[in-house]
Amino acid sequence: MVRPVRFLSVIAASLAIWMVMLSFNTAVVEAQGYDNRPSTENSLGLQVKSAILIDADTGQVLFQVNKDEPLPPASMTKLMTEYIVLEEIKDGRLKWDQIISVSPEAADTEPSESQIYLAEGDQHSVRDLYIAMAVGSANDATRALATEIAGTEQAFVDKMNETAKNLDLKSAVFTSATGFEPNTVISVSDVAKLSQIILKEHPEFLEFSSMQEYKFRPRDTAPMVNFNYMLGANKNKSGLAFLAYEGVDGMKTGFIEEAGYNFTGTVKRGDIRFISVVMDTATKNSRFQETAKLYNYAFSTFEKKTVLPPKSVVETIQSVKVKKGAKKSVNVVTDKDITFMVKKGVEPKVELIGSQVKSEDELVAPIPAGTAVGTVTYKYTDAELNITTEYTVNLVTTDEVAKAGWFKLMFRAIGEFFSGLFNGIINMF
């Protein structure tokens, strides 16, 4: 007969061995990659399924891995929700200090989801809910905003997909406001494009994405801490000092089992800002480590170079014809500069690849100075880095063109009539 004490000792020893083996296996899975997902081969050795690095000003793609494949973004989906909320505020349909009563749909968030634990009928400002979404990735706060805007989450999802279509995000298919469902998909290319639009149209977004922490309620025992461990001060909150990266001030993390660990980031040093996206990385920390590789590559490889200053004359289109003007034509120049990110120390190869100018019938005087009358497109190519970028700028008039008086127009018409008649006679012989 086995003594009870000895039997319990055997059980305890077996349990201890099992816990050690579980810890070891977890470490192995962490080292090998979440679910052992294969990474896509690339020149930087990034352990990712897909990735992209762009210049935030121009959208110029500086590095990419599998950039067009739609993949589940997880909570990076909230970038679209955040954009729509900012648009609603800009258009006056929402206000930052507006108080929202939490809907039953928002309060019914599953326990397994990231949340701030809102109850039905709780009242919070748009600003507080937005911070909970941006900093704490709270799904219930996200749904509270979505249902306030559209009535239901599904109606808000319809708005998300309509907005994606308007922004020309071709790969995007949204099925929730939060990204908790795996059927939402989007490519890193379109995530980067959406991020660029957010930063250009709503720079106030960085006020929220750069927050290290935020105490949502006075009674909360601790503040929510931003999941973006690349933010500088997060090294003091997470204990992960090695992940902090100088200049990072956004944007959004994401994780569900089907998606792996994702991160959309942005970093600024001096007058240069980059946007990056990595999808399906191995672990919580590796999404930041792979992003750091992209940033190290960007800052060590590229510099800004203006290849065409503003108000430049394009040799092939120095002027355009004007109808009914005091002058028959007006000079044109580019409305702004063309600046590319180029490899340091290399003179960029840039060529004019296209132009489009309005017809004389479309340019009827009077025409103010600075009127856009066409476009020119330039292409920058770096064969070594496999980078090709196109950039289009407007052609604008340098001077005002006043409308000609009736007397001048009459004599011009007579002159054109006899000129046409004379040419017609000449062509008969």
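Predicted model: local features only at pLDDT ≥ 70, side-chain atom pairs only at ≥ 80, totals over all residues.
At 0% relative accessibility, threonine 81 is classed as buried.

## Exercise 1

Determine where threonine 81 lies, whether the residue is buried or exposed, and which residues are in contact with threonine 81.

**Solution.** Step 1: threonine 81 is part of helix H2, which covers residues 78-90. Step 2: the relative accessibility of threonine 81 is 0%. The limit for burial is under 20%, so threonine 81 counts as buried. Step 3: with neighbours within four places in sequence left aside, threonine 81 is in contact with Met133, Thr142, Phe156, Met160 and Ala177.

## Exercise 2

Classify the packing of H2 against helix H6 from the angle between their axes, and identify the residues that make the contact.

**Solution.** Step 1: H6 comprises residues 153-166. The axes of H2 and H6 are 10 Å apart and form an angle of about 90 degrees. Step 2: angles of 65 to 115 degrees count as roughly perpendicular, and H2 and H6 are therefore roughly perpendicular to each other. Step 3: H2 contributes Met80, Thr81, Tyr83, Ile84 and Glu88 to the contact, while H6 contributes Phe156, Lys159, Met160, Thr163 and Ala164. Step 4: sorted by class, the contact of H2 with H6 holds 6 nonpolar, 2 polar and 2 charged residues.

## Exercise 3

Carry out the corresponding analysis for H2 and helix H7, and state the handedness of the crossing.

**Solution.** Step 1: for H2 and H7 (residues 188-201), the angle is about 25 degrees and the axes are 10 Å apart. Step 2: an angle under 35 degrees counts as roughly parallel, so H2 and H7 are roughly parallel to each other. Step 3: the crossing of H2 past H7 is left-handed. Step 4: on the H2 side the contact is made by Leu79, Met80, Tyr83 and Glu87; on the H7 side, by Val191, Leu194, Ser195, Ile197, Ile198 and Glu201. Step 5: the contact of H2 with H7 consists of 7 nonpolar, 1 polar and 2 charged residues.

## Exercise 4

Conventions. Residues numbered from 1 in each chain as written. Heavy atoms only, no water. Helix = DSSP H or I, 4+ residues; strand = E, 2+ residues; numbered from the N terminus. Buried < 20%, exposed > 50% of the residue type's maximum accessible area, 1.4 Å probe, protein only. Contact = heavy atoms within 4.5 Å. Axes fitted to C-alpha atoms, helices over the stretch in contact; angles between N-to-C directions. Parallel < 35°, antiparallel > 145°, perpendicular 65-115°, else oblique. Left-handed = near helix turned anticlockwise from the far one by under 90°. Nonpolar A, V, L, I, M, F, W, Y, C, P; charged D, E, K, R; others polar.
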